[in-house]
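Welcome! Please take a moment with the sequence and the structure below, and then we will walk through some of the details together.

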Amino acid sequence: MRDAVLKTDLHGSFSGGAEQQVDMEQLRKSLKKEQRQIRIRKFTKNKASVFGLIVVCLMIVLAVGAPLICRYDPLELDTVNRLKGCSAEHWFGTDTMGRDVFARVLYGARISLTVGFSVGISAGVLGMIMGLYASTNKIADNILMRICDGLKAIPSTLLAITMMTVLKADIKNVIISLIVVNVPSMARIARSQAIVVKEQTYMEAMRGLGASRSRMLWKHMAPNILSPVIVQVTFVFASSIITEAALSFLGAGVPAPAPSWGNILNEGKGVIYSAWWMVLFPGIFTVLTVLGLNLLGDGVRDFLDPMSS
Amino acid sequence: MKKFILKRVLSVIPVLIVVSVVIFLLVHLVPGDPAAAMLGDMASAEDIAALRAKMGLDRPLIEQYFVWIINMFRGDFGTSVANGEPVLSVVVSHLMPTVSLALYALLIAALIAIPLGMAAAQKKGTAIDHAVTVFSLAGVSLPSFLLGLFLMLLFSVRLRLFPVSGYTEMSEGLGQHLRSITLPAIALGFMNAALMMRMTRASMLEVLSSDYIKMARAKGVKEKWILGKHAFKNALVTVITVFGQSIVHALAGAAVVESLFAIPGLGQLMVNSIGRRDYYVIQAIVMLIAVFNVLINMLIDILYGVVDPRVRIR
Amino acid sequence: MVKRKALGIMAAGIMAAVLLVGCGGSSQSTSGGTEAGTVSEDGSYKETLRIAVTQQSPSLDLHKNSTLIARQMCDGTVWEKLVTLNGNAEAVPELCESYELSEDGKTLTFVLRKGVKFHDGSEMTAEDVVASMNRWIESFSSAKDMVGDARFAKVDDSTVQITTDKSLLLLPAMIAGAAQPASITTAACCENEDDNGFMKEYIGTGPYKFVEWKQDQYIKLERFDDYVPYGTEGAEDDGWASYKTAPTRYLQFDIVPDQATETAGMEAGQYDCAFNISSDDYPRLEANPELNVYRSQMGSVALVFNHKQGIASNQYFRTAVNAAIDCDEIMTACFGDGYELGSCYMDAGQAFWNTDAGSELYNQKDPEKAKEILKEGGYNGETFTILAATLNGMDNMAVALQSELQAVGINVELTIVDWATLIDYRNDPSLFDMYITSFAEVPVPSLKLYFGKDYPGWSDDEKLAQLFGEMTAATEMDDAKAKWEELQAYSWDYLPIICPGHYLGIFAWDKDLEGVNMYSGGPKFWNAAVRE
Amino acid sequence: MKEKILEVDGLCTQFRTERGLLKAIDGVTFDVYRGEMLGIVGESGCGKSVTSQSILRLYDEKRLVKYSGEIRFEGKNLFELPMKQMRQIRGEKISMVFQDALSSLNPVFTVGNQIVESLRIHRKLSRKEAEEKAVEMLDMVGIPDPRRRFYQYPFELSGGMRQRVMIAVALACSPRLLIADEPTTALDVTIQAQIMDLIVDMNRRMDMGVMLITHDLAVVAETCSRVIVMYLGQIVEEGSVDDIFDNPAHPYTRGLIEAVPKMDGDRSRRLHQIDGTVPLLSQIPSGCRFAPRCPYASERCRKEMPELKTISATQKVRCHCVTEEQGKEA
């Protein structure tokens, strides 16, 4: 008997057996739903991510609702009451021109979030387009990746400052500069992911079936490289807020009188000994928002990647 | 390995070409020019125009570009508009503070981050781990200029432990030198420390859950050795990568910290040079940093080889 | 004014103290009879004076570079001129024994002082002076405009002269105190220029010689042991005219671009003196018992209209803007408390030229009137673009202006750029309707560039040009002053610029630091020292 | 009967998870005798590996697992030993060989180094002596040119060589018990045979007990003297190799054996398969754990957990049907 048994793998022969006919469509749907529930549960279980989400939502609410919340116009000058400390009248004090810091910080959230969001999304989309095409076309790949390498070799702050000096200082150009700074790494991520996806068997199969190139790219590859790109987008969102603040701090960001956090910090830096509130409050808002976004990014990563624990 | 290195070296060339074109165009597209900056704010238009012609700024851009590139190959990086020094010597004189600051920052960061990151990985879920997580999040969310301001207020003005600003050269004593760059180094290193901590923890976690660690345990190796020898050497590859990236980060981040603490480094030189439209200096710094960046990446690859035989031998 | 007097008395006291110490320790061995040397060899003074400055100049070549900080550091210490300014902003001899303006005002003759040593050891000759003065004229367009094609020439070994067809009445003051003063260097140094045309070596005649410049870090000056002081030993400083003793061995100017850092360094005792303190730190520093804080007018702000094209080329519009603005608010926005109102284009330091002509049109704060003028003039919502730079918070003035002008119904747009960009943009009349700049103190009104039709802003007005010409052509100071009053009065009407006020420079120094000369344009250190 | 070297008595291993404790091993009892080869078989997820790693206490006891029961080795209960002594037993008295040699050998150390490490820890040999001994070990496990191999890194060796190295590491200190956890799964067929031959050879030469954990019944049939069949953390059948292969009592055992294709079998006949898959640990059925998949399951099977009962001198089985039949026969 013993000799009659051949070496083989038991694994294979134990599987399967589900013979009954199931409505495949329904099964797929319920599976998807279940998966989504698992992901949401996973996300909500991570308290840090939930905290991040709450902070970010709160910032958005504050930014959108700024006109309703603030009693002062963030641009309204009142030089008589300059550099007044925190009071019932001015919760966060007033700045060097007597403007209400609370209003400026809240309106500043609009600018920071706009910059961060626009940069994140645009860099994500551009990076994805570049990454996808680079992964399929060797010449495009060489050119695009050389340019990306070149741009990446220049430290981002320095590149952004230089670009801001070239372009007229306004919020649109801050966004453009930051996109240019962030696209290379985004494209890199998208490209490496796209290459992995491209080599997978189902892509071979699609090619075999004669799918057109753009259909392959957008219908089949794009969704598969989306997760790492989305995760990266949240981090770019966060880092753009910091870079914008740093640019304004160096005097190369969104120009006065716009109440960007970086501008308030920059003005506050000069009077930090006498008007700590001008540094503290925008500082806290910046740190909180960035923190929230980073936490959210971690949560999104877990949410999108079912493999991660 | 030799072929690999050669390939790496060749791949540097297009990168540098891109960098040179990008920075040259950017710099020359910037409104305003060095001539006006050199003559001061009360200078007249004719004086400025005359100086422009003298400096060759009225020639076509392409010509200026090639003149610059060719001169660079001859070792001539041009003349700085500030006090007419050769660019090379200006850059070299600003190099030391930045290198010193960046290395010091990274040293502090590495000394804190790597052991803590390892400890956090080993004691996952404990207080240390949570502390490390919080720290690394704070690190990536706290811009260096804010941290710098707070450090300055606390340690220099209130406690008077460190000088507020300024830079003491190493030649005037190592102690004084370190004292003058400690606060900026902390401000600069904080974010890097956070990144390193995060990466060390993650890669240690991965290594610790690997089979060879289980095998080492089954062999009866002490926990201490497992962590310090078996796991660390494997995690080192990641750590080296982060360290390399941090050097580049530190160089880039130095601009803000340097101008805050009045440290005459490359970052400050760059910011100042943009202000005075010191074309050649801006171009030289960017090229230098790009070359450095590329070299660091190459060095990381070679270090990989030293640490990881899989890379070395293949 | 009161402050300056107090300072003068203080300075006198210090000088006396310096002398006493000097007598006590007269066993000095340095040659050249520099009594000042005695004082410092005594060892009771700190060897190095550390002065924090927030800016750095591209060059210390004052012939070509007009940056204030270069003058603050080197004018009077490294460089000396044929004449310098006394307390009344009059040109008085420095490197010359005497000077003389001919009756018709068209010939200016200088008799040189003998035995003046350059830092390279050579003795000053008429050739050196001629070379320096002519290089200065070539480099400084205001001087060139005044003298035309005429140049200095050597008369004999100790006399130089210049002859023109115009009045040279104001030339001595320009030599002494222009933004680009006529520093005397060797003939060789005048030739020895770098690629960009700046002097390679800084060889002056002053009590301090240039030693080292670490870019963005510090500039170091060392006492010049062969310096020969002039004037009366122990005499009180009169303006910049001073018996210079150089009691401190080294003057080190530390470049600290960040004001907060600078102030903190001053408080921590790292620096002996600090320039350009933020006005918001002023009260805190003033309350500090270890520090002296001093404020003085450093110059005036100019809101320059574009007269060539756009809405501001209309007289009614400029008048309306001038009627609308609240100068207090504009100045506060940028300088905090660090300003003084005043309709005079010249600063307090030039007492001779001060006048309130035209002051009734200054700081009207009358939005209703402005609206009226706009309505009459037919203003129809055209965009009014204000160009301002981020340098020194000047963009804040633009912000304040914007809010005031919007209140009277003007459609204001801001263009905020960095300083170098502004310098470029202002040459293009299509880019702005007004730009904001500031003028450091000048000794004579003829240096107010904005009266010229080529200066960006292009105030091309016959009457303005005529009055300006008459002022510069005057051969007597009183005539010039009278013309100046007329010019300023007309100017407030025509409005080449609006001068909203004067900004103050705030300087702080250690109570132990003595002998600082505060005449004009910031502290000068040729007699300064910290007693140990 | 030979002496017992290891007695496992009522071993339970529970994992702490977010949903509470999960029992991966539930009351496993067996002995290992000196010089014997004991096969432990079962599908993936049956708790074979957990059993072996529990013996060496390789799981993190502070956070991850909770052990109960007893494991007696050389008269000591391993669960009561302090970690320091436990470490002395690991690698010296009880060694382990893992499934994937590539991932189990540290990629950044030479193979020689990894053998030397064992020797240095336990035998306190000098570096030189340890190196000599390591080369000897490499030679013993059939690695040609051992001196050169000594300085090579794991990735430079072939799969079979690596597995030999791992065996050399495990045997360096001449352990009394070798636990081989799927030692041949990752290898191709001819190499599998060589490695198994090596293990059998070492088992005879060193007179040590070997616990061979595998899902490959053929290997067990060829090499082992006794077999334990595990299902869902429990032993379902235990017996001599003849008992198990010639007279399998438990339906699960029978299913396993029938699923193996036979040389003399009818090729047109479909291979037998056991319906369904191994349930998750969190979904353990309340009665007989195999009941949901068992073609013979009765009401009782679904409600009542059967005991492991002795049915002959060498054979034990956990099944209501078998014991009932025996009862009838008796």
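You can find N276(C) in the loop of chain C that runs between strand 11 (273–274) and helix 9 (282–287). Although N276(C) is not a glycine, its phi is positive, at about 50°. Please keep in mind that this is a predicted model.

K124(D) also has a positive phi without being a glycine, with a value near 55°. Is K124(D) buried or exposed? K124(D) is exposed, because 9 other C-beta atoms lie within 10 Å, and 12 or fewer is what that label requires. Look for K124(D) in chain D, in the loop that joins helix 4 (111–123) to helix 5 (127–140).

## How the chains meet

Chains C and D, by contrast, do not touch, and their nearest C-alpha atoms are 48 Å apart.

Chains A and C do meet: 19 residues from chain A and 21 residues from chain C take part in the contact. On the chain A side, these residues divide into 11 nonpolar, 6 polar and 2 charged.

## Chain A, built from helices

Chain A has 12 helices and 0 strands. If you follow chain A from the N terminus, its elements read α-α-α-α-α-α-α-α-α-α-α-α.

Of the 309 residues in chain A, 50% are buried. Among the contacts in chain A with a separation of 6 or more, 71% are between residues 24 or more positions apart.

## Chain B: domains and confidence

The domain assignment divides chain B into domain 1 (2–92) and domain 2 (95–264). The C-alpha centres of these two domains of chain B are 35 Å apart.

The average pLDDT of chain B is 81, and 93% of the residues score at least 70. Where is confidence highest and lowest in chain B? Helix 4 (residues 61–73) of chain B has the highest mean, 89, while helix 13 (residues 309–313) of chain B has the lowest, 63.

## A covered helix in chain B

Helix 9 (residues 211–218) of chain B is largely enclosed by the rest of the structure, because 7 of its 8 residues are buried. The buried ones are Y212(B), I213(B), K214(B), M215(B), A216(B), R217(B) and A218(B).

What covers these buried residues? The cover includes helix 8 (174–208) and helix 10 of chain B, along with strand 6 (94–97) and helix 3 (101–104) of chain D. After helix 9 of chain B comes G220(B), with a positive phi near 90°.

The largest nonpolar core holds 461 residues, and M196(B) and A388(C) touch the most other members. Helix 10 (residues 223–261) of chain B gives this core its largest share, 19 residues. Beyond its neighbours within four places in sequence, A388(C) has contacts with M394(C), D395(C), M397(C), A398(C), L414(C), I416(C), Y435(C) and I436(C).

Strand 14 (residues 383–389) of chain C has 6 of its 7 residues buried, so this strand is largely enclosed by the rest of the structure. Strand 14 of chain C pairs with strand 15 (residues 411–417) of chain C in the parallel sense, over 7 bridges. Within strand 15 of chain C, E413(C) is the residue opposite T385(C).

## A buried loop residue: N517(C)

One more stop is N517(C), which sits in the loop between strand 19 (513–514) and strand 20 (529–530) of chain C. N517(C) is buried, because 21 other C-beta atoms lie within 10 Å.

Which residues does N517(C) touch? Setting aside residues up to four places away in sequence, N517(C) touches D237(C), W240(C), S242(C), P523(C), K524(C), W526(C) and N527(C). K117(C) lies 400 residues from N517(C) along the chain, and their C-alpha atoms are separated by 23 Å.

How values were computed. Residues numbered from 1 in each chain as written. Chains lettered and ligands numbered in written order. Predicted model: local features only at pLDDT ≥ 70, side-chain atom pairs only at ≥ 80, totals over all residues. Domains from an automatic or database assignment. Helix = DSSP H or I, 4+ residues; strand = E, 2+ residues; numbered from the N terminus. Buried ≥ 20, exposed ≤ 12 C-beta atoms within 10 Å, placed from the backbone. Contact = placed C-beta atoms within 7 Å. Nonpolar A, V, L, I, M, F, W, Y, C, P; charged D, E, K, R; others polar. pLDDT = per-residue confidence, 0-100. Core = buried A, V, L, I, M, F, W, Y, C linked by C-beta atoms within 7 Å. Pairing = 2+ DSSP bridges.
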